[in-house]
Amino acid sequence: MAAHTLPQQDERALWPALRRGWKRKCPNCGEGPVLHSYLKMNDACSHCEQDFTAARADDGPAYLTILIVGHIAVAFMHIVFVHFRPEPMVLFSMFATLAVVLSLYLLPRFKGAIVGYQWAKRMFGFDHEGSK
């Protein structure tokens, strides 16, 4: 008995799509922006007309940001505390600022990378033949 298989679609390169998404550019062409404000998705690429309405980043960027920022901040906090023993308010001020700045930097980049991953793996509505 032969197993039913879906038609094979061309592979999309994962790493270029992730890199373009990290730069907040279209994973298809690398030219048009994915976001039109801090975290708002464009409906389509202004350069190649790639449709982004199917993108579902949801809470993924926030989880990745918390994971990375937490590990970086805790490691540096430990090093600074052990070597320099600053006052508690100085330590808090330094690392609260680090956490906020790093979070604001990483969040839109992770969102773009997740959209790039979804595009490369043809997830959700990115499996249309009309997109490259």
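Helices (H or I, at least four residues) and strands (E, at least two) are DSSP runs, numbered from the N terminus. This is a predicted model, in which local features need pLDDT of at least 70, side-chain atom pairs count only at pLDDT 80 or more, and totals for chains, interfaces and linings use all residues. Residues are numbered from 1 along each chain as its sequence is written, and side-chain values use heavy atoms, with hydrogens and water left out.

**First stop: serine 46**

Select serine 46, which belongs to the loop between α1 and α2. Is this residue buried or exposed? Serine 46 has a relative accessibility of 59% and counts as exposed; the term applies over 50% relative accessible area, whereas buried means under 20% and partly exposed lies in between (1.4 Å probe, protein chains only). Leaving aside residues up to four places away in sequence, serine 46 touches Gly32 and Pro33; contact means heavy atoms within 4.5 Å.

**Second stop: asparagine 42**

Move to asparagine 42, found in the loop between α1 and α2 (60-84). Asparagine 42 has a relative accessible area of 15% and is buried. Which residues does asparagine 42 touch, not counting residues up to four places away in sequence? They are Pro33, Val34, Leu35, His36 and Phe52. Display the side chains of asparagine 42 and histidine 36, which make a polar contact (3.1 Å). Such a contact is a pair of N or O atoms within 3.5 Å; within protein, one must be able to donate a hydrogen and the other to accept it, and residues adjacent in sequence count only if both atoms are side-chain atoms.

The structure holds 1 aromatic pair. Select tryptophan 22 and phenylalanine 110: their ring centres are 5.5 Å apart and their planes stand at 75 degrees, so the pair is edge-to-face. Rings of Phe, Tyr and Trp (its six-membered ring) pair if their centres lie within 6.5 Å; planes under 30 degrees apart count as stacked, over 60 as edge-to-face and the rest as tilted. Tryptophan 22 lies in helix α1 (residues 14-22) and phenylalanine 110 in helix α3 (residues 88-120), so the pair ties together parts that are 88 residues apart in sequence. Tryptophan 22 is partly exposed at 31% relative accessible area, while phenylalanine 110, at 13%, counts as buried.
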